[in-house]
Amino acid sequence: MGLLAAAFIAAAVGVFRLTIGGAVALYFVIWWTLLFAVLPLRNQPEIRPERLVPGQDPGAPAAPRLREKALWTTLFAGIALVAALVIFPLTGL
């Protein structure tokens with residue numbers, strides 16, 4: 001995932017002439033925003049009562065699949081970064 005993110009940031013720096021700090025900051029903001037949008041997708045709560053522990057929220061996901069969600073977030077954030085950098089010059093930014 002780190003190499004994929006680095007590739008998107010390198011494209012932003014090379015093609016769109018952003019500074020490295022600006023590209024990293026923009027990618028970071030987009031990634032975290034999209035992570036919070038992706039986290040609740042495809043969550044199934046634990047339905048077996050013997051697997052629940054005292055104090056556990058009954059709606060907590062049985063298998064959160066965080067690596068899968070981080071990978072999808074990385075891909076979507078890269079696409080959103082490139083799309084934003086294509087749109088910015090059209091708006092005069």
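What does the protein average in pLDDT, and what share of the residues score at least 70?

**View 1. Confidence across the predicted model.** The structure shown here is a predicted model, and the protein averages a pLDDT of 90, with 99% of the residues scoring at least 70. Confidence is lowest in helix α1, which covers residues 2-16 and has a mean of 90, and it is highest in helix α2, which covers residues 20-38 and reaches 95.

**View 2. The packing of helix α1 and helix α2.** Two packed helices are described by the angle between their axes and by the distance between those axes. For α1 and α2 the axes come within 9 Å and cross at roughly 130°, and α1 is therefore oblique to α2. The crossing of these two helices is right-handed. On the α1 side the residues that meet α2 are A5, F8, I9, A12 and V13, and their partners in α2 are I20, A23, V24 and Y27. Sorted by class, this contact of α1 with α2 has nine nonpolar residues, with no polar and no charged residues.

**View 3. The packing of helix α2 and helix α3.** Here α2 and α3 pack at an angle of about 130°, and their axes lie 8 Å apart, so that α2 is oblique to α3. As α2 passes α3, the crossing is right-handed. From α2, the contact is made by L26, Y27, I30, W31, L34, L35 and V38, while α3 contributes K69, A70, T73, T74, F76, A77, G78, A80, L81, L85 and F88. The residues of this contact divide into 14 nonpolar, three polar and one charged.

**View 4. T73 of helix α3 and the residues around it.** T73 lies in helix α3, which spans residues 66-91. Is T73 buried or exposed? T73 counts as buried because its relative accessibility is 0%. When its neighbours within four places in sequence are left aside, T73 is in contact with W31, L34, L35 and V38.

**View 5. N43 in the loop between helix α2 and helix α3.** N43 is found in the loop between α2 and α3, and N43 counts as partly exposed because its relative accessibility is 27%. Which residues is N43 in contact with, leaving aside its neighbours within four places in sequence? The partners of N43 are P61, P64, R65 and K69. The C-alpha atom of N43 is separated by 28 Å from that of F8, a residue 35 places away along the chain, and F8 is one of the α1 residues that meet α2.

View 6. Phi of R42 is near 60°, which is a positive value in a residue other than glycine. Phi of R65 is near 50°, again a positive value in a residue other than glycine. With a relative accessible area of 56%, R42 is exposed, whereas R65, with a relative accessible area of 29%, is partly exposed.

Conventions:
Residues are numbered from 1 along each chain as its sequence is written. This is a predicted model: local features need pLDDT of at least 70, side-chain atom pairs count only at pLDDT 80 or more; totals for chains, interfaces and linings use all residues. Side-chain values use heavy atoms; hydrogens and water are left out. Helices (H or I, at least four residues) and strands (E, at least two) are DSSP runs, numbered from the N terminus. Buried means under 20% relative accessible area, exposed over 50%, partly exposed in between (1.4 Å probe, protein chains only). Contact means heavy atoms within 4.5 Å. pLDDT is the predictor's confidence in each residue, from 0 to 100. Axes are lines fitted to C-alpha atoms, for helices over the stretch in contact, and angles run from 0 to 180 degrees between N-to-C directions. Angles under 35 degrees count as roughly parallel, over 145 as roughly antiparallel, 65 to 115 as roughly perpendicular and the rest as oblique. A crossing is left-handed if the near helix is turned anticlockwise from the far one by less than a right angle, and right-handed if clockwise. Ala, Val, Leu, Ile, Met, Phe, Trp, Tyr, Cys and Pro count as nonpolar, Asp, Glu, Lys and Arg as charged, and the others, Gly among them, as polar.
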